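Here is a short briefing on one protein chain.

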Amino acid sequence: FDTAGENFYHGFVLGLCVIMDDRYEIRSNRESGEGRYDIQLLPKQKHMPGILIELKAVKNASKEKLKRLSESALEQISGRKYDAELLSRGVKTIFRYGVAFCGKQVEISADAR
């Protein structure tokens, strides 16, 4: 009953990312490019990849709709240029994840640049 919306999943995923705080600066809901990303992991060492995560939550979605939503989250990262800060910091490789939740169901779309 606590999974009422995107904020729940955002907090959950952000909490999972905290275990990497020795290697990454973990940022949430900050401006970059033309909007605000959900989660960014900025590497503390230049050779490490950067990570961007965009989350979506929906109720009563089919598996196909959930997959499309994860793909649209991934497209949002590119379309709004959320990688601008990482690129300006000299990060060469960026892993991008679009994650869509519906209750206990999850779909993830990913790519790297």
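**Contacts and fold**

Of the contacts between residues at least 6 apart in sequence, 55% join residues at least 24 apart. The model is predicted. Its secondary structure comprises three helices and seven strands.

**Overall architecture**

- Along the sequence, the elements run α-β-β-β-β-β-α-α-β-β.
- The radius of gyration is 14 Å, close to the 13 Å that the globule rule gives for 113 residues, so the protein is as compact as a globular protein of that length.
- The C-alpha trace spans about 40 × 25 × 20 Å along its principal axes.

**Burial and surface**

- Buried residues make up 39% of the 113 in the protein.
- The protein exposes about 6700 Å². Carbon and sulfur atoms supply 52% of that area.

**Cysteines**

- How many disulfides does a search of the whole structure find? The count is zero.
- Cys17 has 6% relative accessibility, so this residue counts as buried, the cut-off being under 20%.
- Cys102 is also buried, at 14% relative accessibility.

**Salt bridges**

- The whole structure holds ten salt bridges.
- One of them pairs Arg23 with Asp22, at 3.5 Å from N to O. Arg23 is partly exposed, with a relative accessible area of 40%. Asp22 is exposed at 54%, because exposed means over 50%.
- Glu25 and Arg27 form another, at 2.6 Å from N to O. Glu25 is partly exposed, with a relative accessible area of 32%, whereas Arg27 is buried at 10%.
- Arg27 also meets Glu85, at 2.4 Å from N to O. This pair links distant parts of the chain: Glu85 sits in helix α3 (residues 84-88) and Arg27 in strand β1 (residues 24-28), 58 residues apart.
- Is Glu85 buried or exposed? Glu85 counts as buried, because its relative accessibility is 14% and the buried class covers values under 20%.

**The charged network**

- Which residues are linked in a network of salt bridges? Glu25, Arg27, Glu85 and Arg89 are.

Methods: Residues are numbered from 1 along each chain as its sequence is written. This is a predicted model: local features need pLDDT of at least 70, side-chain atom pairs count only at pLDDT 80 or more; totals for chains, interfaces and linings use all residues. Side-chain values use heavy atoms; hydrogens and water are left out. A disulfide is a pair of cysteine sulfur atoms within 2.5 Å. Buried means under 20% relative accessible area, exposed over 50%, partly exposed in between (1.4 Å probe, protein chains only). A salt bridge is a side-chain nitrogen of Lys or Arg within 4 Å of a carboxyl oxygen of Asp or Glu. Helices (H or I, at least four residues) and strands (E, at least two) are DSSP runs, numbered from the N terminus. The radius of gyration is taken over C-alpha atoms; the globule rule is 2.2 Å times the number of residues to the power 0.38. Contact means heavy atoms within 4.5 Å. Accessible areas come from the Shrake-Rupley method with a 1.4 Å probe; for residues, only the protein chains shown count as cover.
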